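Please keep the structure in view while reading.

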Amino acid sequence: LWISFGLTGGLALILAMMPSVFFPNYIPDTEMAMLKQGLPASEFAPFVENLTEIRRSIFTADAWRSFWIVAVGMVILLVYSHKKLKANWALAAIGILCLVDLWNVDKRYLNDGLFQTKRITTETFQQTEADKVILQDKDPNYRVLKLATNTFNENNTSYWHKSIGGYHAAKLLRYQQLIEWYITPEMQTLSRAIQANQGDLSKAGADEFPILNMLNMKYVIVPTQNGDVPILNPQAYGNAWRVNEVRYVADADEEIAGLGEVNPRETAVVDKRFQNLLSGMEKCPADTVATIRLNSYAPNRIVYESNATRDGIVVFSEIYYPEWTATIDDQPADVVCADYVLRAMHIPAGKHTIEMIFRPASIRATQAIAYIGWGVLLLGLLVALFGWRKHARLKDTVENLK
């Protein structure tokens, strides 16, 4: 017991009383070099001295905290070893001591100051008049592009609508490349078209902004002197459409380049590695009576209904990600990447229900591990309870025999 105390509490006490013995410098060499480059010569020495003192104080405070935690635990064990404290009370005291220790450290990283009410969070995303007008459209089959602000550095639009823009630090590389290759230039074309046609995009050319149309841009929010105004884009392709042709390319480079050479409404550009999954179809005869409709939409589950007289290739205006799975009438089906960022499927003739679900294998594995862990914990508690009761009955029997 005393050896354990010396190796833990004793070491913590030495560090608390002599913090510079083992760590004479609290600023790494790389950080010191950066400070020399970033600070004027007159400010460098005082700043380094203050920073060193602050870090030494933090280190000392933690060393003292560790010492007192170990010392209190030592006292509890000594009292127990001298038969002055029952085992159950000793375990409870050590449990409380561990809780206090963990609580104080954890509160540094997750504390009350990091929480706020739902009302305050909601108020952060103010609903504009343009948002209110767009939200009157109850069809889930659209996206919104906001030109009134920096499109790819604001999230207010994403709070109220499915947005083509928005910001996230972990952005999909393919979508970022699509922004650089096509979306940004088309946004400039779109702005000119809005001005030239006084906001009536039905008069704009059908091929002026095809990438925005394939992303299902049904509304555009533009700034005016009287505030932001929503403009309807009747040329949006919708949530899904049948194409007449599939152009297979060798790799991703040809795919993104080929996207600028076709009309996405008529032709899908697909990497040849997916050719077999689309039944090898290259020409898809037109089906004037075919329909595909979005029935329900959620971030992890989308349901469509298709009705056609012929087999065909359907492109979905949803971003492709490998962990999405699909079924047609509850039977597994293949989803491929088309037009560099979207999804496509081979849909047979007839009336079918198409369901896409996002449930990654990593999540399933994590859930399985969690359930196994809970099962082991529960089994351990049951075994402990059974052993405690058996021990209690045996103790009573021995007492009765005495």
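A residue counts as buried when its relative accessible area is under 20% and as exposed when that area is over 50%, with partly exposed residues in between.

Q: Is Asp137 buried or exposed?
A: In this predicted model, Asp137 is found in the loop between α6 (129–134) and β1 (143–146). Its relative accessible area is 17%, and the limit for burial is under 20%. Asp137 is therefore classed as buried.

Q: Which backbone nitrogen does the side chain of Asp137 reach?
A: Leaving aside residues up to four places away in sequence, Asp137 touches Tyr142, Lys218 and Tyr219. A polar contact requires a pair of N or O atoms within 3.5 Å, and the side chain of Asp137 reaches a backbone nitrogen at 3.0 Å, that of Asp139.

Q: Which strands are at the edges of the open sheet of three strands?
A: The sheet has mixed pairing and the order β1-β2-β3. Each edge strand pairs on one side only, and these strands are β1 and β3 (227–232).

Q: In which sense do β1 and β2 pair, parallel or antiparallel?
A: Strands of a sheet pair through backbone hydrogen bonds, in either of two senses. Leu145 stands opposite Val220 in β2. Between β1 and strand β2 (residues 217–224) there are four bridges, and the sense of their pairing is parallel.

Q: At about what angle to β2 does helix α8 run?
A: Helix α8, which spans residues 173–196, lies across β1, β2 and β3. Its angle to β2 is about 70°.

Note on methods:
Residues are numbered from 1 along each chain as its sequence is written. This is a predicted model: local features need pLDDT of at least 70, side-chain atom pairs count only at pLDDT 80 or more; totals for chains, interfaces and linings use all residues. Side-chain values use heavy atoms; hydrogens and water are left out. Helices (H or I, at least four residues) and strands (E, at least two) are DSSP runs, numbered from the N terminus. Buried means under 20% relative accessible area, exposed over 50%, partly exposed in between (1.4 Å probe, protein chains only). A polar contact is a pair of N or O atoms within 3.5 Å; within protein, one must be able to donate a hydrogen and the other to accept it, and residues adjacent in sequence count only if both atoms are side-chain atoms. Contact means heavy atoms within 4.5 Å. Two strands pair if DSSP finds at least two bridges between them. Axes are lines fitted to C-alpha atoms, for helices over the stretch in contact, and angles run from 0 to 180 degrees between N-to-C directions.
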